[in-house]
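Dear colleague,

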Amino acid sequence: MGVASPLAAYLLVAALLFAIGLAGALTRRNAILVLIGIELMLNAANLNFIAFWRYGPHPEALTGMMFAIFSIAVAAAEAAVGLGLVIAIYRYAKTTDLDQMNRMKG
Amino acid sequence: MSVVFYGIAALTVAGGLAAVLLKNTVHCALAVAVAFAGLALLFLSLDAQFVGFAQILVYVGAVAILIVFAILLTRGAEPVTGGVFSKSWLVGLVIAAGVFAVLGWAVLQSAHALPLVTAAPAVTVQDIGVALVGRYVLPLEIVALLLTAATIGAVIVALHEKERTR
Amino acid sequence: MAAAPISVTLDQVFIVLRDWLTHFLPAALQPFAAVVLEVVAIVCVFPGLFALTTVFERKGLGRMQNRLGPNRVGPFGFFQPIADGIKSLTKEDIVPLNADAVVHFLAPLVLVVAVFMGFAVLPMGRNMVLVDMDAGLLFFFAMGASTELSIFMAGWSSRNKYSILGAMRAIAQMISYEVPLLLSSVTVVMIAGSLSLTKIVEAQNQYTGIFPHWYVFTPWGLASFVMFAIAATAETNRTPFDLPEGESELVAGYFTEYSGFKFALFFLGEYLGMFSISGLGATLFWGGWSAPLSILSWVPSWIWFFSKDMAAIFVFIWLRGTLPRLRQDQLMNFAWKFVLPFTLLNLVVTALWRFMEGGWLRWVVCTAILAGAYVLMGRTGMHRKHFGPRSYRYAE
């Protein structure tokens, strides 16, 4: 089965990556790997933005590309804070296993 | 679609799959770096040079490094006891498969309506710069504020409180 | 004007040579063959320079330390690199029993490939650039950032405490100094108005009288260059920032467990990193391939680029023979409390320079701000810093 539009191929790759990231975030026990899954999902969304920018009717307006640039910046901030939280929790609970973090109270 | 595209796409997806499936946490982090690099190549194949290089700089150069640092600081590189997947892994897998099915179905259903090959847009780095400080200046400022806040926040969260000995 | 054509031919001799070599091929293959030739040239020239530099470094250090240096192989020991090469190629390649074999194998390859990629955007002479990218500077830094991961791979996969310590130190140092490195280069982009390295060189290739418009001859450019040089030294793990591979405490850090050819690859990667970052510094601040005086423009442009590169390498060697190694906390304090604020201030000064049109006033204002800040932060602020015993706040 051939895909007619190159855009569709990019969208399929992005959908696959998003699903992989989601599966990782939902099934792994290590908190850091959950963060990796979230990063993969964000990246898949970026790929969609860039693909739509490239094949959209108005590439000169740069909308999709700007969205991707801001998304990269925000994702960097998210990774820093998220990993900082994981380290803080590890220091307190001595584990990064999410299945063992089942108490709201210390 | 060219062979190059299929090669890059296969590399990216393989990196992503390895990042999710491998047992050793550090291997996962290295695999995700491969996926990030593959995505950057995909951006380059879409004529988005600036975003592609920014992707390598931010993700391979900073986020992947942050991840391996966090893994080593939390002793995540040591072998885990009792499986790497959560107890509710089947539910997660079903949800992810469902999401992919819906997305893929939507893309394939609308594939005939999507535009075919178009000419590469002539966008220079200068255009991006002008747009960033022109039309998108408010989001730019907000992102700057967000990054500053995130830096301070990350430092405060990860800061080890000193025990008072006096 | 009989001399002009000869100097032009000499200037473009490599381009002419490339075109002559490719014209034997069918027209469809010519662009591809040209790129292949250029890549082969880069891959041959810089390792050749690396071999020369090792012997010059050892002899130069020997001179600075009142000893002879290598003098056994060939005339004055100049064939030493050949002996070293044969030695490293014929030695047994040892992989530790516990090592992560795949990652251990990939680390040196990733390092060397990433470092070589950086050369693709450096203009080494008039019309001598492999790819003239619109975002060339960004590409260079993206490739530089990729080397960090290979260092981690080397340190972690060796399963050796010295290696992992060296790798963690190297990464912490490289991340800390990458920020000032980028910020000090951004000033040049602000003035030149382009991320393309060829355009940056062309902007500097103008003369007032006989003196060039190099950015290092402006207050902000000088400040940027000094910060860039400090950060570049730290990025390449050279003395005084060679903590990650301090032989006396870490037995060469992240490549302790490498031997034979892989060790040689790390060595090569490190020196190629020095060449590329020196080339970038020369391109950004010292006019790249442009001549230092307009009356010297007849000298081929590539000679200027490579002499500037080699001069920078000499400074690296000189520093190695002169300065002691910094301690980890001194290194971090210096990066975050002095270099980073100073580069941030320099960004503001550069913007001021850009918008104060002409005249001597902007020279006075910009110099005054930078000198004042240097005195305040560098002299007064750091003067009474008694670096006490280290406190381990982040490591457990």
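In this predicted model, the contact between chains A and B takes 64 residues from chain A and 73 residues from chain B. On the side of chain A that touches chain B, two or more residues come from each of helix 1 (6-27), helix 2 (31-55) and helix 3 of chain A. Helix 3 of chain A gives the most, with 21 residues. By type, this side of chain A divides into 48 nonpolar, nine polar and seven charged residues.

Chain B also touches chain C, in a contact that takes 17 residues from chain B and 20 residues from chain C. The elements of chain B that give two or more residues to this side are helix 2 (25-45) and helix 3. Helix 3 of chain B provides the largest share, 11 residues. Here the residues of chain B comprise 13 nonpolar, four polar and no charged.

A further point concerns helix 5 of chain B, residues 125-133, in which B:Val125, B:Ile128 and B:Ala131 are buried. Why do they lie on the same side of helix 5 of chain B? They cover an arc of only 125° around the axis, which puts them on that same side. As a general rule, an α-helix has 3.6 residues a turn, so residues three or four places apart point the same way. The cover over the buried residues of helix 5 of chain B includes helix 3 (63-93) of chain A as well as helix 3 (49-73) of chain B.

With kind regards

Technical notes:
Residues are numbered from 1 along each chain as its sequence is written. Chains are lettered from A and ligands numbered from 1 in the order in which they are written. This is a predicted model: local features need pLDDT of at least 70, side-chain atom pairs count only at pLDDT 80 or more; totals for chains, interfaces and linings use all residues. A residue is buried if 20 or more other C-beta atoms lie within 10 Å of its own, exposed if 12 or fewer, and partly exposed in between; C-beta atoms are placed from the backbone. Helices (H or I, at least four residues) and strands (E, at least two) are DSSP runs, numbered from the N terminus. The arc is that of the directions from the helix axis to the C-beta atoms. Two residues are in contact if their C-beta atoms, placed from the backbone, lie within 7 Å. Ala, Val, Leu, Ile, Met, Phe, Trp, Tyr, Cys and Pro count as nonpolar, Asp, Glu, Lys and Arg as charged, and the others, Gly among them, as polar.
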